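The following note sets out some points for a colleague examining this entry. The points move from the overall fold to individual side chains.

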Amino acid sequence: YLYVPKFYTDTVGVSATTMGVTIFFARLLDAFSDPVVGALSDKTRTRYGRRRPYIALGSLALGCLIFMIYSPPNLSQWGATFWFIATMLSLSLVWTLVDVPCESLWPEITTSYDERTALFSFREGMTIIGTILAVASPLIIEVAYGLQQAPADQRFKFSAFGAFYAPIAIICCWICAIRIKEIKQPPRPAHKFRFWQAWGQAFKNRPFRILLGAYAVSAVGANLPATLILYYVEYVLGGTQPEIFVLMYI
């Protein structure tokens, strides 16, 4: 959401309207796919556990789509638009397939309050470090190869970016799936799971609704500047190195 929008509008040739609508629907899709994948993961029973098969197998598609979205072929505007819509929505779905089971696995590693606090603190710290490295990577590639703002140079920069991080995503997911052992799987619930009924029960909980509203406001406040900052730096502030501003922002 930081680099893809401006790369596709300014270099690949996708209209800003299509970009905005596609990203909106990708996030809207998450609102439905996240709980569905969570429910599927909860009910999965395999010799490898409930979560790890999704993480391991989903990561293969995730790595391919990471590379594909950063390495679009030279197509017409219609072709580039179709490529972006297809890869963006697919990436959103596959990310859900990997991320939701992974997020569910964290609190299941241990029942100790102190160990959970340590694990989640470590995870958040590594997330911050990973975000900074990912944001800095295009600028590092640009400086290392002496690239300019020409379309060919921008395509090379982001293709190299995708080619670097796609295998890293797969490797890290497989390390997680191989090295982390899931706890003994709980027995299947006696009652039949009804997805919509469970969703309705959640929204009857007033503290949950308040928390959800606060989270929504926070998400809007975080995602709007993240998506628009590159445009703002170049077209409003007149900056020539918007990546530096993004790094400062992060």
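**Notes on the predicted model**

1. Overall architecture. The model is predicted. Its secondary structure comprises nine helices and zero strands, and the order from the N terminus is accordingly written α-α-α-α-α-α-α-α-α. The C-alpha trace spans about 60 × 40 × 35 Å along its principal axes.

2. The protein has 250 residues, of which 35% count as buried. Among contacts with a separation of 6 or more, 73% are between residues 24 or more positions apart.

3. Helix 1. This element, residues 4–12, is mostly covered, with eight of its nine residues buried. Among them are Val4, Phe7, Tyr8 and Val12. The buried residues of helix 1 pack against helix 2, helix 3, helix 4 (77–105), helix 6 (151–179) and helix 8. Glycine 13 follows helix 1 and has a positive phi, near 105 degrees.

4. A salt bridge inside helix 1. The structure holds ten salt bridges. One of them joins the side chains of aspartate 10 and lysine 6, with an N to O distance of 3.0 Å. Both residues lie in helix 1, four residues apart, which is about one turn of the helix. An α-helix has 3.6 residues a turn, so residues three or four places apart point the same way. Lysine 6 is buried at a relative accessible area of 12%, whereas aspartate 10 is partly exposed at 36%.

5. Salt bridges between helices. Arginine 123 pairs with glutamate 103, their closest N and O atoms being 2.6 Å apart. This pair links distant parts of the chain, since arginine 123 belongs to helix 5 (residues 113–145) and glutamate 103 to helix 4, 20 residues apart. Arginine 123 counts as buried, at 16% relative accessibility, while glutamate 103 is partly exposed, at 36%. A salt bridge also forms between glutamate 142 and lysine 157, with 2.8 Å between the closest N and O atoms. Here helix 5 contributes glutamate 142 and helix 6 contributes lysine 157, 15 residues apart. Both glutamate 142 and lysine 157 are buried.

6. The network around arginine 50. Salt bridges link Asp42, Arg50, Arg51 and Glu108 in a network. Arginine 50 is located in the loop between helix 2 (16–43) and helix 3 (52–70), and at 10% relative accessibility it counts as buried. A polar atom of the arginine 50 side chain also lies 3.2 Å from the backbone oxygen of aspartate 42.

7. Cysteines. How many disulfides does a search of the whole structure find? The number is zero. Cysteine 172 is in no disulfide, and the nearest cysteine sulfur, in cysteine 173, is 7.1 Å away. For cysteine 173, the closest cysteine sulfur is that of cysteine 102, at 6.8 Å, which is too far for a bond. Cysteine 172 is partly exposed, with a relative accessible area of 46%; cysteine 173 is buried, at 12%.

8. A nonpolar surface patch. Tyr232, Tyr235, Val236, Leu237, Ile244, Phe245 and Met248 form a nonpolar patch on the surface, together presenting about 740 Å² of accessible area. Helix 8 (206–235) and helix 9 (242–249) each supply at least two of the patch residues, and helix 9 gives the most, with three. Phenylalanine 245 is found in helix 9 and is partly exposed, with a relative accessible area of 33%.

Note on methods: Residues numbered from 1 in each chain as written. Predicted model: local features only at pLDDT ≥ 70, side-chain atom pairs only at ≥ 80, totals over all residues. Heavy atoms only, no water. Patch = residues over 30% accessible without salt bridge, like charges linked within 9 Å, V, L, I, M, F, W, Y side chains within 5 Å. Areas by Shrake-Rupley, 256 points an atom, 1.4 Å probe, with all protein chains shown as cover. Salt bridge = Lys/Arg side-chain N within 4 Å of Asp/Glu carboxyl O. Buried < 20%, exposed > 50% of the residue type's maximum accessible area, 1.4 Å probe, protein only. Disulfide = S-S within 2.5 Å. Polar contact = N/O pair within 3.5 Å; in protein donor to acceptor, adjacent residues only side chain to side chain. Contact = heavy atoms within 4.5 Å.
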